[in-house]
Amino acid sequence: QVQLVESGGGLVQAGESLRLSCAASGNTNTFNSYAVAWFRQGKGEEREFVAGMRWSGSYTYYTDSVKGRFSISRDNAKNMVYLQMNSLKPEDTSVYYCAADAGVIASTRRRPSAYKSWGQGTQVTVSS
């Protein structure tokens with residue numbers, strides 16, 4: 001497994017952008033074989049899938065509410081994962097979590113239970 005640390009959250013106004021970063025450490029010699037994803041969890045809500053990427057970076061997938069606004073990317077040389085968030089809306093306010101796992105399969109890749117490695121989360125607040 002790897003250890004993950006998110007950064008880049010903050011308070012922004014609606015329509016603005018933020019870029020979240022996720023740094024992997026630990027067993028990073030195999031990090032390029034991990035699928036990665038971003039989830040978010042609002043207060044009193046369940047953790048929901050936001051964006052994901054296969055280990056090769058060749059395929060990305062998003063929840064419908066962020067398509068066209070958010071973009072996930074990774075830099076395996078730096079053991080980093082990013083989430084570029086544009087045109088932010090108040091409903092995007094949540095704690096955002098980075099997740100990674102080497103054994104993710106297509107049928108479960110949008111489920112939190114598919115990932116063993118998690119960061120501590122970073123708060124994103126979008127004001128109207």
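Guide: Leaving out residues up to four places away in sequence, Asp92 touches Arg40, Arg69, Phe70, Ser87, Val124 and Val126, where touching, or contact, means heavy atoms within 4.5 Å. This is a predicted model, in which local features need pLDDT of at least 70 and side-chain atom pairs count only at pLDDT 80 or more, while totals for chains, interfaces and linings use all residues. Residues are numbered from 1 along each chain as its sequence is written, and side-chain values use heavy atoms, with hydrogens and water left out.

Visitor: Why is Asp92 called buried?

Guide: The word buried is kept for residues under 20% relative accessible area, whereas exposed means over 50% and partly exposed lies in between, with a 1.4 Å probe and protein chains only. Asp92 has 1% relative accessibility, so it counts as buried, and its place is in the loop between strand 8 and strand 9, a strand being a DSSP run of E with at least two residues, numbered from the N terminus.

Visitor: What makes the link between the side chains of Arg40 and Asp92 a polar contact?

Guide: A polar contact is a pair of N or O atoms within 3.5 Å; within protein, one atom must be able to donate a hydrogen and the other to accept it, and residues adjacent in sequence count only if both atoms are side-chain atoms. The side chains of Arg40 and Asp92 are joined at 3.0 Å, which is within that limit, so the pair qualifies. Arg40 also has a side-chain polar contact with Glu48, at 2.6 Å, and the side chain of Asp92 reaches the backbone nitrogen of Lys89 at 2.8 Å.

Visitor: Is Arg40 itself buried or exposed?

Guide: Arg40, whose place is in strand 4 (residues 35–41), has a relative accessible area of 4%, and is therefore buried.

Visitor: How do you know that Cys22 and Cys98 form a disulfide?

Guide: The term asks for a pair of cysteine sulfur atoms within 2.5 Å, and the sulfur atoms of Cys22 and Cys98 are 2.2 Å apart, so the pair meets it. Cys22 lies in strand 3 and Cys98 in strand 9 (residues 94–101), so the link ties together parts that are 76 residues apart in sequence. The structure holds one disulfide, and this link is left-handed, with -80 degrees about the S-S bond. Cys22 counts as buried at 1% relative accessibility, and so does Cys98 at 0%.

Visitor: What makes strand 3 and strand 8 a pair?

Guide: Two strands pair if DSSP finds at least two bridges between them; strand 3 (residues 18–26) and strand 8 (residues 80–85) are joined by six bridges, so they pair, and they run antiparallel. Four strands form an open sheet in the order 1-3-8-7, with antiparallel pairing, and strand 1 (2–7) and strand 7 (70–75) are its edge strands, as each pairs on one side only.

Visitor: Which residues touch the most other members of the largest nonpolar core?

Guide: A nonpolar core is a set of buried Ala, Val, Leu, Ile, Met, Phe, Trp, Tyr and Cys residues joined through side-chain atoms within 4.5 Å. In the largest, which has 27 residues, Trp38, Ile72, Leu83, Met85 and Tyr96 touch the most other members, and strand 3 gives the most to this core, with four residues.
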